[in-house]
There are 2 protein chains.
Amino acid sequence: MSGSTDRSPALDTTHDPALRSWVAAGNDADTDFPIQNLPFGRFREADDPDWRIGVAIGDQILDLRRCGLINHADMNRLVRLQPDTRRALRLAISAGLREGSAQAARWAETLVPMARAELALPCEVGDYTDFYIGVHHATAVGRLFRPDQPLLPNYHWVPIGYHGRASTLRPSGTDFRRPLGQIRPDADAPPRMAPSQRLDFELEMAVWIGRPNAMGEPVTLATAEDHVFGLGLLNDWSARDVQAWEYQPLGPFLSKSFATTVSPWIVTLDALAPFRRGWQRDADLPQPLPYLDSAANRAHGAFDIDLEVTLQSAAMQAAGLAPQVISQSNFADAAHWTFAQLVAHHTVNGCSLSPGDLFGTGTLSGPQAGQQGSLLELTRGGREALALASGEQRRFLEDGDRIALRARAQRAGHRSIGFGPCTAVVLPAPALNPERP
Amino acid sequence: MSGSTDRSPALDTTHDPALRSWVAAGNDADTDFPIQNLPFGRFREADDPDWRIGVAIGDQILDLRRCGLINHADMNRLVRLQPDTRRALRLAISAGLREGSAQAARWAETLVPMARAELALPCEVGDYTDFYIGVHHATAVGRLFRPDQPLLPNYHWVPIGYHGRASTLRPSGTDFRRPLGQIRPDADAPPRMAPSQRLDFELEMAVWIGRPNAMGEPVTLATAEDHVFGLGLLNDWSARDVQAWEYQPLGPFLSKSFATTVSPWIVTLDALAPFRRGWQRDADLPQPLPYLDSAANRAHGAFDIDLEVTLQSAAMQAAGLAPQVISQSNFADAAHWTFAQLVAHHTVNGCSLSPGDLFGTGTLSGPQAGQQGSLLELTRGGREALALASGEQRRFLEDGDRIALRARAQRAGHRSIGFGPCTAVVLPAPALNPERP
């Protein structure tokens, strides 16, 4: 198996669907974290000031330093491992967690129940870039603004992206306040400052950069995947009314920078090897320029990952109603480009990527009803309300709403693996101008 | 004296134009660094692996730890000092560097000649935001694209900005390669990958954030300046052909992220107190919303700083020709908003700022010929070539061109202060697709 798109991503013993762990919950059929997954994260217990590096297995976390596999707690250092070393580490973890492993007794003492652990962002993020590779999302949103030309002429040529705000990235479970912002709901009146009235979620995947490149040294498509440590989920909360007023000519700014929720576990590309898929561009569309094209990328550059969004309002929670599924899609169906293409494009100008840098993919909507990854699409810009099981309606998010993203890679003949939670609740906006000068 | 716009920024003994230093070069009429300035930076000598914090005085650097004023070398910690503590430190530095100071003999032993020092970015930058507050620049550039509506409707209401790339910020003196990128010079032909043919500079000021705010807690205009440690210069190198093709709908990305040059010295708002100016918006334009308006900001929120750009081609350097002045402008004349307004706007949605975060102002052009802060404006989009003293012409930058930005605050009755160099040379692009997959 290899992380490079120029080599065939063969499977190894860590992917064997028959593997079972001595951690009992790791063998549950519906766990996100069977022994075939082994995602990395940072955790601590309530009485512990320091973050540690762990691997999720069932409902437990294996402490990688206490079980002797690494000698530090710096995830930004771990993610820059050479691909061969990274795979050797995965093999060692897999071997030690298997039923019958000689390490079982000693490693069992290092386990921390997830229920007792706090989880951090997996890395310290230097730079966060948000892409826009969900072609059905881009088409649907473009149609709201430009019915005659939903996709701009550059869309099929350029993996569109922009720089995001790193300081407000938060791990799943961190609630956040509805943002204040300049909005102009009436084009004939001046803008005003108010809590956003069109608050939305965006279903995205997260890409965690591992190995760096030097400034001025583009990464070629052939080696691009060696720079990707793994994947997660990302909710790019968006204030649509702020965005509509502020975004020209330099793009989204305060409409996105108030909060971005990220799942705390990094599912490695190694773990996702069984779920690769070919990548192609429809024959009637422009084909990629040479720096974004290779036989290997076409053969197995994409990943088959099922995605789901649930909404649970405060009233639903109070009434004991379960979170309601409002969207289901698939990453490979939604994405116009592969991760390797994103890395090759991002660095072609000489831009340096650093260990722990984060990419968002952009909203991953499918082409059909019920597959849209944002309320903007689900309610057609707020025109068609969504009915909730509580009898409530939603055009955009209300205070107390909880949005949860889920992802699962599944394929016949393979053990399916999940990504863990990516959840947050919308809190009321702060007071307007509390200390008006 | 105070850093807050709600209090009157009175002067103190550190601003006395009669002050002289026992460091002789600090008394030169044309030095950027007289004793009235005292900017902070990070430096090291050739044989030293570690960065240290210093203050520039004439042609020397005072080592703040070795002279006993601080006990660390972490600028991100120093910039978050409370305003009163920050001013007490400035008073102590000023007293020790004065002619006749009892510290003179001991402190003289800590001096490092600038000629022997390497300078770093002054802080480790978490997030970098680039604004667009140069109204004459926005008007001139807008006119190239939209002759009938140069400024978009939001421009007078919203301090337009976008997130920038932190990983490619470099201190003055770091040369960089011309970027490769997707360009589409012929709209009837497909785009192609090539070295940028329309490489440009942008004359901007840099704003260094000191004290942080918590996520979800907007900073009011009344206290906004307490979060600004000081100012510098910034060259936002731009690939205009890449930008024109990529920027819709999410703004500039690879056209800006290949390199950004920053001056290494932070000139504090304390040092700039004598150069404050009132801020106002022309009566026929929209006035700011309440969160961006206060009597104090109108009374003294702006800063009077003269700006200059020089270009020296490789041929000019070889022929012994001096750098040629190609632009001169003034910050207060060019800027549509004050620094305090930028902080209040950036945080109004709850976005957290961190110590060491960086803002660029956007290009600071004046309204007249010879005052434009980019070649895009100086050559009207490349249509009118600029004549160089060497007989060469420039529409956009050529390999080997050296661009230097300079800034100086000067006012009758006060000692003028400067910002030091912000310079870099354009190197040839890397080979195209060196490892074509």
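What follows is a set of questions and answers on the pockets, cores and strands of a predicted model.

Reader: How is this predicted model numbered, and which parts of it count?

Author: Residues are numbered from 1 along each chain as its sequence is written, and chains are lettered from A and ligands numbered from 1 in the order in which they are written. Local features of the predicted model need pLDDT of at least 70, side-chain atom pairs count only at pLDDT 80 or more, totals for chains, interfaces and linings use all residues, and side-chain values use heavy atoms, with hydrogens and water left out.

Reader: What makes a space a pocket, and how much space lies in the largest pocket?

Author: On a 1 Å grid over the protein atoms alone, a pocket is an open set of points where a 1.4 Å probe fits, with protein on both sides within 12 Å along at least five of seven lines. The largest pocket holds about 780 Å³, a volume being the space filled by probe spheres set on the points, which are joined across faces, edges and corners.

Reader: Which residues line the largest pocket?

Author: Lining residues have an atom within 4 Å of a point. There are 43 for this pocket, and Val141(A), Phe145(A), Arg240(A), Ala244(A) and Leu376(A) lie nearest its centre. The largest share, six residues, comes from α4(A); helices here are DSSP runs of H or I with at least four residues, strands are runs of E with at least two, and both are numbered from the N terminus.

Reader: How does the lining of the largest pocket divide into nonpolar, polar and charged residues?

Author: It divides into 22 nonpolar, nine polar and twelve charged residues. Ala, Val, Leu, Ile, Met, Phe, Trp, Tyr, Cys and Pro count as nonpolar, Asp, Glu, Lys and Arg as charged, and the others, Gly among them, as polar.

Reader: What lines the second largest pocket?

Author: This pocket of about 580 Å³ is lined by 32 residues, with Val141(B), Phe145(B), Arg240(B), Gln243(B) and Leu376(B) nearest its centre. Two or more lining residues come from each of β6 (128–131), α4 (135–145) and α5 (240–246) of chain B. α4(B) gives the most, with five residues.

Reader: Why is a set of residues called a nonpolar core?

Author: The name applies because its members are buried Ala, Val, Leu, Ile, Met, Phe, Trp, Tyr and Cys residues joined through side-chain atoms within 4.5 Å. Buried means under 20% relative accessible area, with exposed over 50% and partly exposed in between (1.4 Å probe, protein chains only). The largest core has 85 residues, and those with the most contacts inside it are Leu231(B), Trp237(B), Leu272(B) and Ile305(B). Helix α9 (residues 339–347) of chain B gives the largest share of this core, five residues.

Reader: Why is α9(B) said to be largely enclosed?

Author: Nine of its nine residues are buried, so α9(B) is largely enclosed by the rest of the structure. Among them are Phe339(B), His345(B) and Thr347(B).

Reader: What makes strand β14 of chain B largely enclosed, and which strands pair with β14(B)?

Author: Eight of the eight residues of β14(B) (residues 228–235) are buried, so the rest of the structure largely encloses this strand. Two strands pair if DSSP finds at least two bridges between them. β14(B) pairs in the antiparallel sense with β13(B) (residues 203–209) over seven bridges, with β17(B) (residues 267–268) over two, and with β16(B) (residues 260–262) over two. Leu231(B) has Val267(B) as its bridge partner in β17(B), and Asn235(B) stands opposite Thr261(B) in β16(B).
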